Each structure stands twice: as structure tokens, then as C-alpha cells.
Amino acid sequence: MIPVSVAEAANELGSILELMPEGLARISDAEAARPRAPGKWSRKQILGHLVDSAANNHQRFVRAAIAGELIFPPYEQDGWVGVQAYADE
């Protein structure tokens with residue numbers, strides 16, 4: 001793995017984010033709601049999971065920094081995705 005600076009990583013992320021609206025606009029609502037395979041999540045559910053996961057991990061990092069140890073509350077990803085009904089958004 002080649003190390004990159006924070007500025008390089010931020011620039012690359014910015015470039016990716018510029019492409020996202022156009023790419024997402026090409027996906028129909030029906031296509032976004034359809035599971036990728038039997039028993040798998042849809043694109044809507046995957047996106048919702050990524051948001052939930054980021055929020056959960058952010059608080060985990062803060063708690064670890066404060067407590068000085070890595071004791072994480074569980075993240076029940078299927079439960080979070082189901083309760084928030086991402087498939088219907």
C-alpha cells in the first residue's frame with residue numbers, strides 16, 4: 001500500500017464525490033430498491049447501512065479516545081437497516 005497524505009486523500013475523495021450525483025441519478029428507484037441477490041440488501045439498504053456504520057464507528061472512536069480502551073457497543077446492522085426501512089425510502 002502506498003502511503004498518501006491527508007491532502008491527497010481529501011482531493012481523491014472530493015473527485016469521487018463530484019461524480020456521485022450523476023451516477024446515482026442513473027439508477028432508477030425500482031433498481032435501487034431491488035436486492036442485489038436473494039437474501040442480500042438493495043442499494044438503498046446498503047447506502048443506509050453505510051451512513052449508520054459511519055455514525056456508529058464515529059462514536060466508537062470518540063468513546064475509545066475518552067476511555068483509553070476499545071470496548072465497543074455492538075452494532076446490529078440488520079436491525080438498524082430494518083428498523084429504519086431503507087428499502088422503502
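The structure holds three salt bridges, a salt bridge being a side-chain nitrogen of Lys or Arg within 4 Å of a carboxyl oxygen of Asp or Glu. The model is predicted: local features need pLDDT of at least 70, side-chain atom pairs count only at pLDDT 80 or more, and totals for chains, interfaces and linings use all residues. Residues are numbered from 1 along each chain as its sequence is written, and side-chain values use heavy atoms, with hydrogens and water left out.

One of the salt bridges joins lysine 44 to aspartate 29, with the closest N and O atoms 2.7 Å apart. Lysine 44 belongs to helix 3 and aspartate 29 to helix 2 (residues 29-33), so this pair ties together parts that are 15 residues apart in sequence. Helices (H or I, at least four residues) are DSSP runs, numbered from the N terminus. The two partners can also be described by their relative accessible area, where buried means under 20%, exposed over 50% and partly exposed in between (1.4 Å probe, protein chains only). Lysine 44 counts as buried at 15%, whereas aspartate 29 counts as exposed at 54%.

Another salt bridge links glutamate 31 with arginine 43, the closest N and O atoms being 3.1 Å apart. Glutamate 31 lies in helix 2 and arginine 43 in helix 3, so the pair ties together parts that are twelve residues apart in sequence. Glutamate 31 is partly exposed, with a relative accessible area of 28%; arginine 43 is likewise partly exposed, with a value of 28%.

A further salt bridge is formed by glutamate 22 and arginine 26, whose closest N and O atoms are 3.2 Å apart. Glutamate 22 is exposed at 55% relative accessibility, and arginine 26 is exposed at 61%.

Helix 1 has 20 residues and reaches 29 Å from its first C-alpha to its last, close to the 28 Å expected at 1.5 Å a residue; the expected span is 1.5 Å times one less than the number of residues. At leucine 19, shortly before proline 21, helix 1 has a kink of about 30°, the bend being the angle between axes fitted to the seven residues ending at a residue and the seven starting there.

On a 1 Å grid over the protein atoms alone, a pocket is an open set of points where a 1.4 Å probe fits, with protein on both sides within 12 Å along at least five of seven lines, and lining residues have an atom within 4 Å of a point. The lining comprises 13 residues, of which Leu24, Ala32, Arg43, Lys44 and Leu47 lie nearest the centre of the pocket. Helix 3 provides the largest share, six residues. By class, the lining has eight nonpolar, two polar and three charged residues; Ala, Val, Leu, Ile, Met, Phe, Trp, Tyr, Cys and Pro count as nonpolar, Asp, Glu, Lys and Arg as charged, and the others, Gly among them, as polar.

Elsewhere, alanine 85 has a positive phi of about 50° although it is not a glycine. Alanine 85 is found in the segment after helix 4 (77-83) and is partly exposed at 26% relative accessibility.

Key. Helices (H or I, at least four residues) and strands (E, at least two) are DSSP runs, numbered from the N terminus.
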